[in-house]
Amino acid sequence: MVWFRRTSREERPPSRVPEGLWVKCEGCREILYRKELERSLFVCPRCGHHHRISARTRLAQLFDNGEWKELFGNVYSTDPLEFVDSKPYSERLKALREKGLKHDAMLIGVGKMGGRRVIVGAMEYAFMGGSMGSAMGEKLTRAIERCLKTRTPLVTVACSGGARMQEGVLSLMQLAKISAALAKLHQARIPFISVLTDPTTGGVTASFAMLGDINIGEPGALIGFAGPRVIEQTIRQKLPEGFQRAEFLLEHGMLDMVVPRGELKETLIRCLAHLSP
């Protein structure tokens, strides 16, 4: 008599629970109802952990009534170096676009925030870890030039692992390109506010993410150039508790403030009102 028998997937009855209905919090490991998490702007109501969100969700949260218009949507990455690692870079790009991520690692939107016209660039971590390639650098540079032409404030929301290695020096060139464009924005006295979310590392931190007139971090966000593990292996010392987290950077003068997501929009509105003539 067979007491136990392993059933195959084909024999199991289909689940009636919709996929994605529940989410495990990365902070407290609690199982959360997705609708409840959405109502709290994807901040855990139990432990306050700020979950990563898409660029479109971020723009909808920041603009008045969630209404905005995309800019420079026709700029996208190519494969000029014909780079191949485990698979060709061109195939990676094609697969991401088929998933609906056609805006590369940054989505540029224009709309109103507190009744004031603002251009916002939000990074998309789902697109190759939010890595900065030549297309993203071009989109952000064009956004800065648009701000210069129309005297519109600029807000960026960084969420990135750094420069995109598949584009080599073409990616690294974007650091200088964007920084030079931001210098012109500063000379024209047009406000630029940088928001740094989890994670903001590598070349993005080393370029525009730290160049804001005001730099704002989200609670608990990992912010730095090299990762903590790399630094520990290099200096062969144990790093302090909370090293490279937003609160640590605030204490050491690298950030101007740390703002919870629920208060971010109102904080940006107040800062823009203070910086704008």
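The following paragraphs lead from the overall form of the protein chain to individual residues.

The structure is a predicted model, in which local features need pLDDT of at least 70, side-chain atom pairs count only at pLDDT 80 or more, and totals for chains, interfaces and linings use all residues. Residues are numbered from 1 along each chain as its sequence is written, and side-chain values use heavy atoms, with hydrogens and water left out.

The protein chain contains nine helices and nine strands; these elements are DSSP runs numbered from the N terminus, with helices being H or I runs of at least four residues and strands being E runs of at least two. Its radius of gyration is 21 Å, close to the 19 Å given by the globule rule for 277 residues, so the protein chain is as compact as a globular protein of that length. The radius is taken over C-alpha atoms, and the rule is 2.2 Å times the number of residues to the power 0.38.

Among the contacts with a separation of 6 or more, 65% are accounted for by residues 24 or more positions apart. With regard to charge, the protein chain has 40 positive and 30 negative side chains, and the centres of the two sets lie 3 Å apart. Lys and Arg count as positive and Asp and Glu as negative, while His and the chain ends are not counted. Each charge is placed at NZ of Lys, CZ of Arg, CG of Asp or CD of Glu.

One annotated region comes from a record. An unreviewed UniProt entry places the feature "zinc finger region: C4-type" at residues 25-47; such positions are given in the numbering used here, feature names are shortened, and annotations may be inferred rather than shown by experiment. In the model, the end C-alpha atoms of residues 25-47 lie 9 Å apart, and the span is 26% helix and 13% strand. Leu41 is found in the loop between α1 (34-39) and α2. With a relative accessible area of 28%, Leu41 is partly exposed. Beyond residues up to four places away in sequence, Leu41 touches Gln61, Arg261 and Gly262. The C-alpha atoms of Leu41 and Thr57 are 9.0 Å apart, although 16 residues separate them along the chain.

Which residues does Gln174 touch, not counting residues up to four places away in sequence? The partners of Gln174 are Met132, Gly133, Ser134, Gly137 and Glu138. Gln174 itself lies in helix α5 (residues 168-187), and its relative accessibility of 5% is why it counts as buried. Gly137, in helix α4, has a relative accessibility of 0% and therefore also counts as buried. Leaving aside neighbours within four places in sequence, Gly137 is in contact with Gln174, Lys177 and Ile178. Gly137 and Leu170 are 33 residues apart in sequence, with 9.7 Å between their C-alpha atoms.

Several backbone details also deserve attention. The peptide bond from Asp198 to Pro199 is cis, with omega near -10°, and Pro199 is placed in strand β7 (residues 192-200). Asn65 is not a glycine, yet has a positive phi of about 60°. Asn65 sits in the loop between α2 (55-62) and β3 (68-71) and, at 71% relative accessibility, counts as exposed. Arg151, also a residue other than glycine, has a positive phi near 55°. The loop between α4 (134-150) and β6 (154-160) contains Arg151, which is exposed with a relative accessible area of 52%.

Two further exposed residues illustrate separation in sequence and in space. Val84 is found in the loop between β3 and α3 (89-98), and its relative accessible area of 53% makes it exposed. Val84 and Gln166 are 82 residues apart in sequence and 8.0 Å apart in space, C-alpha to C-alpha. Thr234, in helix α7 (residues 228-235), counts as exposed at 59% relative accessibility. Between the C-alpha atoms of Thr234 and Leu268, 34 residues apart along the chain, the separation is 38 Å.

Technical notes
Contact = heavy atoms within 4.5 Å. Buried < 20%, exposed > 50% of the residue type's maximum accessible area, 1.4 Å probe, protein only.
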